[in-house]
Amino acid sequence: MFNRMAGPISLKPIYQERVWGGRGLHEKLGRDLPKGKVIGESWECVDRPEAQSVVVDGPHAGKTIRLLIEQHGSEIMGPDYDTSRPFPILVKWLDCKERLSLQVHPPGSVADELKGEPKTENWFIAQCDPDSHLVVGLKNGATREQFEAALKDNTLEDCVHRFPVQPGDSILVESGRIHAIDGGNLILEIQQNSDTTYRVYDWGRVGLDGKPRDMHIEESLKSIDFNDFEPSALRTAGQSLTVAEAKEFRIRKFELNAGESLPVDTSNEPMLLHVVSGTLKSGDFTSAPSSTTILPYGQTFNLAATEPSIVLITDRFI
């Protein structure tokens, strides 16, 4: 007989120091950050050898996500899930106080050759400064030859597509798409479970140790889609809609008024609940602000907003 996992699974965030980070996760999300650290990322859900989410409460409190899936994989992921397979999605909050490096993730066609993992990710702009921008794709007409020449004489900004963003904007960054995030953005990043990033340019910056960071020029040039020109973000403020649909996952956004409910049915697959703002309740479960929660397979949830709330649901990742 199939046993159902008891309720949503809340996970403890893992904070990562980054040269471009700051203290925004405390100032904007109320997080209790490690003192004296420049925190750029909070890993909300991760199942990797180098980082493991831990269950916060309930009967499985203290277990890693890997141990939880090994012991209860069919209850969480469904009866056909291979419990040796890592959880397919990695979720992060990014506090981009300064601009990130210009980078790319390898597409599947070259990832094995480069000994990396493909990574398609989606950025949802939760908050941003008035003049915040993203860098995604190439400017119309930029060629590989121009790109390589600009790389040598430090004029790469002339080749890449930079555009303004506002809260509620969302953009899918598929493997092979060159990208960077400008300072002033607070982003919820939902991605394939991968940590392969090739830096091609770092704007002349040095790392936390005072030395230039490693670049991956050869790998980047093999990975970049040089036919990817001037993509645009999806403007979602005030709307409930699908913000990303890729072969790796789907993300839907819901804006709820206080008292409104969101029914979620995981009869066919588990899902992830991301509370961008506000608070939701379902039975004994209350979501923490800015949290990501696993909604296990085979259940129904009626998520009631106790205040105006913005929520993302990620599914279709099995």
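Let me start with Ser 101 and Gln 103, whose side chains are joined by a polar contact of 2.9 Å, a polar contact being a pair of N or O atoms within 3.5 Å, where within protein one must be able to donate a hydrogen and the other to accept it, and where residues adjacent in sequence count only if both atoms are side-chain atoms. Ser 101 sits in the loop between β7 and β8 (102-104), with helices (H or I, at least four residues) and strands (E, at least two) taken as DSSP runs and numbered from the N terminus. Ser 101 counts as buried because its relative accessibility is 1%, and here buried means under 20% relative accessible area, exposed over 50%, and partly exposed in between, with a 1.4 Å probe and protein chains only. Setting aside residues up to four places away in sequence, Ser 101 touches His 179, Ala 180, Arg 199, Tyr 201, Asp 202, Trp 203, Arg 205 and Arg 213, contact meaning heavy atoms within 4.5 Å.

A word on the model before I go on. This is a predicted model, in which local features need pLDDT of at least 70 and side-chain atom pairs count only at pLDDT 80 or more, while totals for chains, interfaces and linings use all residues. Residues are numbered from 1 along each chain as its sequence is written, and side-chain values use heavy atoms, with hydrogens and water left out.

Now to the largest pocket, which holds about 450 Å³ of space. On a 1 Å grid over the protein atoms alone, a pocket is an open set of points where a 1.4 Å probe fits, with protein on both sides within 12 Å along at least five of seven lines, and lining residues have an atom within 4 Å of a point. Grid points are joined across faces, edges and corners, and the volume is the space filled by probe spheres set on the points. Which residues lie nearest the centre of this pocket? They are Arg 18, Trp 20, Glu 41, Arg 199 and Arg 213, out of a lining of 25 residues. The lining divides into eight nonpolar, seven polar and 10 charged residues, where Ala, Val, Leu, Ile, Met, Phe, Trp, Tyr, Cys and Pro count as nonpolar, Asp, Glu, Lys and Arg as charged, and the others, Gly among them, as polar. At least two lining residues are supplied by each of β2 (14-22), β7 (89-96), β9 (121-128) and β13 (179-181), and β2 gives the largest share, four residues.

Turning to salt bridges, the count comes to 25, with a salt bridge defined as a side-chain nitrogen of Lys or Arg within 4 Å of a carboxyl oxygen of Asp or Glu. Arg 18, Glu 41, Lys 92, Glu 189 and Asp 195 are linked in a network of such bridges. In another case, Asp 228 and Arg 177 meet through their side chains at 2.8 Å, N to O. That pair links distant parts of the chain, 51 residues apart, with Asp 228 in the loop between α5 (217-223) and β16 (234-235) and Arg 177 in the loop between β12 (169-173) and β13. Both Asp 228 and Arg 177 are buried.

What separates Arg 66 and Glu 70 in helix α2? The two are about one helical turn apart, because they stand four residues from each other in α2 (residues 65-77), and their side chains form a salt bridge at 3.5 Å, N to O. Arg 66 is buried at a relative accessible area of 16%, whereas Glu 70 is partly exposed at 46%. Glu 121 and Lys 119 form a salt bridge as well, with their closest N and O atoms 3.8 Å apart, and both residues are buried.

I will finish with strand β18 (residues 250-256), where Arg 250 lies. Arg 250 counts as buried at 14% relative accessibility, and a polar contact of 2.7 Å joins its side chain to that of Asp 315. The side chain of Lys 253 reaches the backbone oxygen of Gln 239 at 3.0 Å, and a polar contact of 2.6 Å joins the side chains of Lys 253 and Glu 255. Leaving aside neighbours within four places in sequence, the contacts of Lys 253 include Phe 124, Thr 236, Leu 241 and Ile 310.
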